[in-house]
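These notebook entries record what I looked up in one structure. I ask the reader to keep the sequence and the model in view.

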Amino acid sequence: MRSAEEVNEQIRGLWLRAGGRLSTEQRAQYALLVTEWADAVRAEGLHEAA
């Protein structure tokens, strides 16, 4: 699993390449990335709490 920071950088890159307006395909990619980011944040939080 990638870190939340890695996924966040990919999300930022997607927005920059899109110029702030996502196409339908980019929106689908964004949704997957946000889900991956949220999972990573939860996993990192659980790791830190242990």
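How many residues has α1, and what does it reach from its first C-alpha to its last? I found that α1 has 15 residues and reaches 21 Å, close to the 21 Å expected at 1.5 Å a residue. The expected span is 1.5 Å times one less than the number of residues in the helix. Helices are DSSP runs (H or I, at least four residues), numbered from the N terminus.

I noted that this is a predicted model, in which local features need pLDDT of at least 70 and side-chain atom pairs count only at pLDDT 80 or more, while totals for chains, interfaces and linings use all residues. Residues are numbered from 1 along each chain as its sequence is written, and side-chain values use heavy atoms, with hydrogens and water left out.

**Entry: burial in α1**

I recorded A4, V7, I11, G13, L14 and A18 as buried residues of α1. Buried means under 20% relative accessible area, exposed over 50%, and partly exposed in between (1.4 Å probe, protein chains only). After α1 comes G19, with a positive phi near 70°.

**Entry: salt bridges**

I looked up pairs in which a side-chain nitrogen of Lys or Arg is within 4 Å of a carboxyl oxygen of Asp or Glu, the rule for a salt bridge. By this rule I count three salt bridges.

E36 pairs with R2, their closest N and O atoms being 2.8 Å apart. This pair links distant parts of the chain, since E36 lies in helix α2 and R2 in the segment before α1, 34 residues apart.

R12 and E9 form a salt bridge with closest N and O atoms 3.4 Å apart. Because they are three residues apart in helix α1, about one helical turn separates them.

R42 bridges to D39, with 2.8 Å between the closest N and O atoms. Both lie in helix α2, three residues apart, about one turn of the helix. R42 is exposed because its relative accessible area is 51%, whereas D39, at 35%, counts as partly exposed.

**Entry: a charged patch**

Which residues gather in a patch of negative charge on the surface? I listed E5, E6, E44 and E48. Patches are made of residues with over 30% relative accessible area and no salt bridge, like charges being joined within 9 Å. Asp and Glu count as negative. Helices α1 (4-18) and α2 (24-49) each supply at least two residues of this patch. Why does E5 count as exposed? Its relative accessibility is 61%.

Definitions and conventions
Patches are made of residues with over 30% relative accessible area and no salt bridge: like charges are joined within 9 Å, nonpolar side chains (Val, Leu, Ile, Met, Phe, Trp, Tyr) within 5 Å. Accessible areas come from the Shrake-Rupley method with a 1.4 Å probe; for residues, only the protein chains shown count as cover. The place of a charge is taken as NZ of Lys, CZ of Arg, CG of Asp or CD of Glu.
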